[in-house]
Amino acid sequence: MTIIKTAIAAIAATGIMTGAALAGGMGAKDIVDTAAANDDFETLVAAVQAAGLVETLKGEGPFTVFAPTDEAFAAIGTTVEELLKPENKDALTAVLTYHVVAGKVMSTDLVDDASVATVQGQNITIDLDNGAMVNDANVVTADIETSNGVIHVIDKVIVPEGIM
């Protein structure tokens with residue numbers, strides 16, 4: 001009888017641990033799939049595809065993405081249509097990678113007035129004085145955890161110097 005109780009306890013413990021691991025993000029979608037599942041990121045997903053960055057952002061990471069909404073892209077007007085053209089792939093890639101920081105940076109990790117290197121190479125500035133901001137974009141939703149990093153939703157497309 002003791003062997004049966006031990007076996008049942010072991011099976012129950014394994015089930016509990018597996019459930020906890022899945023609840024902790026092990027079964028979460030990656031950055032690209034998370035963005036694709038959100039109706040506010042249709043332009044961002046199209047741009048990531050046009051720039052050939054899907055496999056990179058589906059990679060192991062971790063990455064922190066400051067993700068502009070469709071409304072943010074619309075605010076820059078016809079420039080988006082221009083950027084999505086194949087001949088502008090380098091500029092599009094520069095703009096998109098300017099929104100990505102290596103590592104998983106949660107909102108609680110942000111430091112006021114920090115200058116942070118992006119994957120693109122130039123730095124972005126974090127400002128926490130009046131709510132979280134990245135350069136001049138407001139963080140409207142923070143800490144969307146994914147299997148390979150985190151997404152922070154911003155209300156503006158940030159552009160590196162020398163592009164557009």
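Reader: What share of the contacts in the protein with a separation of 6 or more is accounted for by residues 24 or more positions apart?

Author: In this predicted model, such residues account for 63% of those contacts.

Reader: Why is threonine 69 called buried?

Author: Its relative accessible area is 15%. Leaving aside residues up to four places away in sequence, threonine 69 touches Asp40, Phe41, Val153 and Ile154.

Reader: Why does glutamate 71 count as exposed?

Author: The relative accessibility of glutamate 71 is 68%. Exposed means over 50%; therefore glutamate 71, at 68%, counts as exposed. Glutamate 71 belongs to helix 5 (residues 70-75).

Reader: What makes up the negative surface patch?

Author: The patch is formed by Asp39, Asp40, Glu42, Glu71 and Asp155. Asp and Glu count as negative, and therefore the patch of these residues is called negative.

Reader: Which residues of helix 7 (residues 89-97) are buried, and what do they pack against?

Author: The buried residues are Leu92, Ala94, Val95, Leu96 and Thr97. They pack against helix 3 (42-50), helix 6 (79-83) and strand 2 (100-102). Across the protein, 34% of the 164 residues count as buried.

Note on methods:
Residues are numbered from 1 along each chain as its sequence is written. This is a predicted model: local features need pLDDT of at least 70, side-chain atom pairs count only at pLDDT 80 or more; totals for chains, interfaces and linings use all residues. Side-chain values use heavy atoms; hydrogens and water are left out. Patches are made of residues with over 30% relative accessible area and no salt bridge: like charges are joined within 9 Å, nonpolar side chains (Val, Leu, Ile, Met, Phe, Trp, Tyr) within 5 Å. Accessible areas come from the Shrake-Rupley method with a 1.4 Å probe; for residues, only the protein chains shown count as cover. A salt bridge is a side-chain nitrogen of Lys or Arg within 4 Å of a carboxyl oxygen of Asp or Glu. The place of a charge is taken as NZ of Lys, CZ of Arg, CG of Asp or CD of Glu. Helices (H or I, at least four residues) and strands (E, at least two) are DSSP runs, numbered from the N terminus. Buried means under 20% relative accessible area, exposed over 50%, partly exposed in between (1.4 Å probe, protein chains only). Contact means heavy atoms within 4.5 Å.
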